[in-house]
Amino acid sequence: NVEELVSKCDVVTVNCPLHADTEHLFNAKLLGKMKKGAYLVNTSRGKIVKAEDLAENLKSGHLGGYAGDVWYPQPAPADHVWRNMPRHAMTPHCSGTTLDAQARYAAGTKDIITRYLEGKDFNLGDVIVFPEGKLAPQYDKTQKRSG
């Protein structure tokens, strides 16, 4: 059963369609059964993971991290709980894009990871939320934009 499976796995990947039985499948109960320090990777649908429950499991240290390329709702609002949760990485959901676009995504992702590993500043255009939790100007509707 899924509860027994997630209790033994270091990494759990979510690869299923969204329907009534999978909506919020990864909720407080199932996330709590996951092995302490495990990672959750969601490349299916954002609503399969209950946002608030995931954020709480990351904040408490129960989960080691989260990676995903899908949000619910999408586009995510500025105050979405996933924007400020610890130990997570989100990439663009790129199904249905051209090969040229995917090559640009890959190059951009490589640049961000390289800058992070080398301790360099990110390009402002690549930042959504600064480490202190402040939204980047291009996402902060309270700041006036020039131009």
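## The sheet

Select strand β2 (residues 39-42) and strand β3 (residues 65-68): the two run parallel and are joined by 4 bridges. Keep in mind throughout that this is a predicted model. Within this pair, Tyr 39 has Gly 65 of β3 as its bridge partner.

Strands of a sheet pair through backbone hydrogen bonds, either parallel or antiparallel.

Return to β1 and show its side chains. Which residues are on the covered face, and which on the uncovered one? Val 12 and Val 14 are on the covered face of β1, while Val 11 and Thr 13 are on the uncovered face. In a regular strand the side chains alternate between the two faces of the sheet.

Next, select Ser 44, in the loop between β2 and α3 (51-59). Is Ser 44 buried or exposed? Its relative accessible area is 7%, so Ser 44 counts as buried. Show the polar atoms around Ser 44. Its side chain makes a polar contact with the side chain of Asn 42, at 2.9 Å.

## Helix α3

Follow the chain into α3 and select its buried residues: Ala 51, Asp 53, Leu 54, Ala 55, Asn 57 and Leu 58. These buried residues pack against α2, β2 and β3. Just after α3, stop at Gly 61, where phi is positive, at about 90°.

## Salt bridges

Turn to the charged side chains. Side chains of opposite charge can pair when their charged atoms come close. How many salt bridges are there? The count comes to 7 salt bridges, and the next selections visit some of them.

Select Lys 29 and Glu 3. They form a salt bridge in which the closest N and O atoms are 3.6 Å apart. This pair links distant parts of the chain: Lys 29 is in helix α2 (residues 28-33) and Glu 3 in helix α1 (residues 2-8), 26 residues apart. Lys 29 counts as exposed because its relative accessibility is 55%, whereas Glu 3, at 27%, counts as partly exposed.

Lys 8 is exposed, at 56% relative accessibility, and Glu 4 is partly exposed, at 46%.

Move to helix α4 (residues 99-117) and select Arg 115 and Asp 111. These two are 4 residues apart and so separated by about one helical turn. The side chains of Arg 115 and Asp 111 meet in a salt bridge, 2.9 Å from N to O. Arg 115 is partly exposed, with a relative accessible area of 22%, and Asp 111 is partly exposed at 28%.

## After α4

For the last stop, select Val 129, in the segment after α4. Val 129 is partly exposed, with a relative accessible area of 23%. Leaving aside residues up to four places away in sequence, Val 129 touches Arg 83, Asn 84, Lys 134 and Leu 135. To finish, draw a distance from Val 129 to Lys 47: their C-alpha atoms are separated by 22 Å, and the two residues are 82 residues apart along the chain.

Key: Residues numbered from 1 in each chain as written. Predicted model: local features only at pLDDT ≥ 70, side-chain atom pairs only at ≥ 80, totals over all residues. Heavy atoms only, no water. Salt bridge = Lys/Arg side-chain N within 4 Å of Asp/Glu carboxyl O. Buried < 20%, exposed > 50% of the residue type's maximum accessible area, 1.4 Å probe, protein only. Pairing = 2+ DSSP bridges. Polar contact = N/O pair within 3.5 Å; in protein donor to acceptor, adjacent residues only side chain to side chain. Contact = heavy atoms within 4.5 Å.
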